[in-house]
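Subject: Structure handover

Hello,

Here is the structure I promised to pass on. Please open it alongside this email.

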Amino acid sequence: MLGDDLRNGTSPALGAALATIRARYGSRAVLAGTGLSAAGLPTGIGGVDGLTGCDGLPRGRLTWASGELGQGWFDLGLAILARLSISLPVVLVDFSGRVDPNDIEAYGGDLSNLWLVHPRRPEQGWAAARALVEAGAGLTLMVADRWEPVGRAAPATLLGAVESGGGVALICGGQSLPGEVTLRVAMELECQRLAWTRVHRDISGIWVRLQVGRSRMGGGGRSCRLRIALPRPYSPRAGVVETELETEGLTAPLEASG
Amino acid sequence: MNARGASSRLACAIFPHLALSLAWRAHPELREEAVLVGPERRPGGGEVLLAASEAAVASGAVPGVEWRQAVISCPDAARLRVEETAISDLRWELRLALQDLSPMVEWVDDTRAFLDAGARDLRWPTEAALASRLGRELQRLLAVPPRVGVGQSRFTAWAAAQATDPGRARLVPPGRAPHFLAELPVEVLPLPGAVKERLRDFGLTTCGDCASIPLPLLQRQFGPEGLLLHRLCLGRDGTTVNPWVAPPPCGVRRVLAGPVEDTEVLRFGAPELAAELAAELAQRNLAAGRLRLLLGGEGWESWELISPPSPAMTNEELLPLVLSLMARVRRPVEVLELQALDLGAPPVRQRQLFPTGGDRREEIERAAARLRERFGSGLVWRVAVRPEHPGDVPEERLVWRRA
């Protein structure tokens, strides 16, 4: 039976063909019909951890926090990175060129656990992410305002490295991803800005709704609201300061104050 | 004789220590200053001075002395530290550049190298052309002008390099070594101090003085070192270089039934090639730092090269690389040979029961070093808060360094 061969790999010819397909299109291009599940890497942000269904960002998977500029994904990504850098080596691949390490420190991050990648070309960033994941990076955050096309091998090999090492790859930014990357994303978290919070005339924070969009791990449609205090000289604390899991129908925008 | 003949000819290049060159590259304002580079930790314990500028050496800080002693000898010197990975990267680049000039290259230490200058090469029709190119290549990579000497023996070539100014080459024509060496003081001869002391006692102060003494008399006085002395002074000492030898090749070769142009067909055979190479690497317990795909067709040969971000050993690691190499094929191919290059110890893969951050950090640092080798030094960065940062000016709080 074909199904048995797929599951067991008993046919040598079929095994060779599967190996070729998986090498070219990623190790998850052909699956044997079993369900997808993953352990989670807790971020310490209750709303995010409760949203994904695995008590954190899924290990061994690619997760995408999507949204237009200004929708909160940038600071959410930095806040998660900063939290995890306290206990794990983390990598930030900055395709956007906008990351300021001062902000990571302001979010409570440990800079001694951070490796910052400034790629000149997209291929460099993807290759660096893969190499550092293989080397043991606990979280790899990739940030871009707009994603450039990339060869099919780059996301496939990154996913392979994440799968084999049990690390977490979080892709932040953009309303769309290159097709080769989209194929390999296990979960999309849609970021939507609900409101700014202000102190006097300065924007001091942001309310964000995070909603599970496409997901191969279930939980589609679940959402939460987060308040992120942005790094400001007068602010005693930056980071995600409030989270709240939403129930269906509770979507009214918040009028927040600093 | 200007044309390069078949007689033994050696070129010697002398340059500042690689660590010092790197330190100067980072701090060009210190070119004329006293600079101490180090400390270097020795396996038996203790820290020693790795390299020093001429001004520091003149104050008594000679490379190899204890670091504390060097600091005491030259207290006003700038003290700089250079990463060992940066030195090894530069050493690798230099070795590759020199091997492009001559197939026989001996890397003596991080301050000098010898090349076989006797081999015929159409690119360098004369010794002067080779010496000039050698100097330019070293200056390009080191950003410091080297001294180059060419002679019939190792000592002659070294002495010629020592006798010239930085950025210049000195050529000692064949047969002229005794005349060139005649005025050299015996102190520069690579002989034990006791031998040189006795030479001075005899009133023999230059190589020319020693060369005029018959060999039997020198041997009677100095034994085997008398013979060496005689050869050194006449320019007849060692005439060979001890080239670095790469480990035996590791590869898989396939001869196809006929010319194949369709890369899809070639890629179908990639898993088999990768699997065989992985088996061979596993048998030797080695990992490949680079992969080369040699391609042959009717009347042509070429090769494609790829450097994985981390050394590859397993089938899963090799297969994407092989597929990438095969995608570059543009002509009908009849022969394929997949070679593993830069063989080294495989990366540690065993899962640790209680992984510690420190171990992972070291592994990530190594991966970052490999990325730097592949993509350049500006790709991966580390950031730290400056310990004595002035106030809270954000731009001045952080120190950036290349990972």
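Below are the notes on how to read it, then what was found.

This is a predicted model: local features need pLDDT of at least 70, side-chain atom pairs count only at pLDDT 80 or more, and totals for chains, interfaces and linings use all residues. Residues are numbered from 1 along each chain as its sequence is written, while chains are lettered from A and ligands numbered from 1 in the order in which they are written.

**Where the chains meet**

The contact takes 29 residues from chain A and 31 residues from chain B. Two residues are in contact if their C-beta atoms, placed from the backbone, lie within 7 Å. On the chain A side, α2 (12-25), α5 (101-106), β5 (114-117), α6 (122-135) and α7 (153-165) each supply at least two residues. Helices (H or I, at least four residues) and strands (E, at least two) are DSSP runs, numbered from the N terminus. The largest share of that side, eight residues, comes from α6(A).

Two bridges join β5(A) to β15 (residues 380-385) of chain B, and the strands run antiparallel. Strands pair if DSSP finds at least two bridges between them. A:V117 has B:V380 as its bridge partner in β15(B).

**A helix in chain B**

Helix α4 of chain B covers residues 84-101. Its buried residues are B:I87, B:L94, B:L98 and B:L101. The face turned away from the buried side carries the exposed residues B:W92, B:L96 and B:D100. Buried means 20 or more other C-beta atoms within 10 Å of the residue's own, exposed means 12 or fewer, and partly exposed is in between; C-beta atoms are placed from the backbone.

**Backbone points to check**

Most residues other than glycine have a negative phi, and most peptide bonds are trans. Here are the exceptions I noted.

- A:H200 has a positive phi, near 55°. A:H200 sits in the loop between β8 (185-199) and β9 (202-215) of chain A. A:H200 counts as exposed because it has 7 C-beta neighbours inside 10 Å.
- B:A143 has a positive phi of about 60°. B:A143 lies in the loop between α5 (127-142) and β9 (147-151) of chain B.
- B:G38 and B:P39 are joined by a cis peptide bond, with omega about 0°.

Best wishes

How values were computed
Expected span 1.5 Å × (residues − 1).
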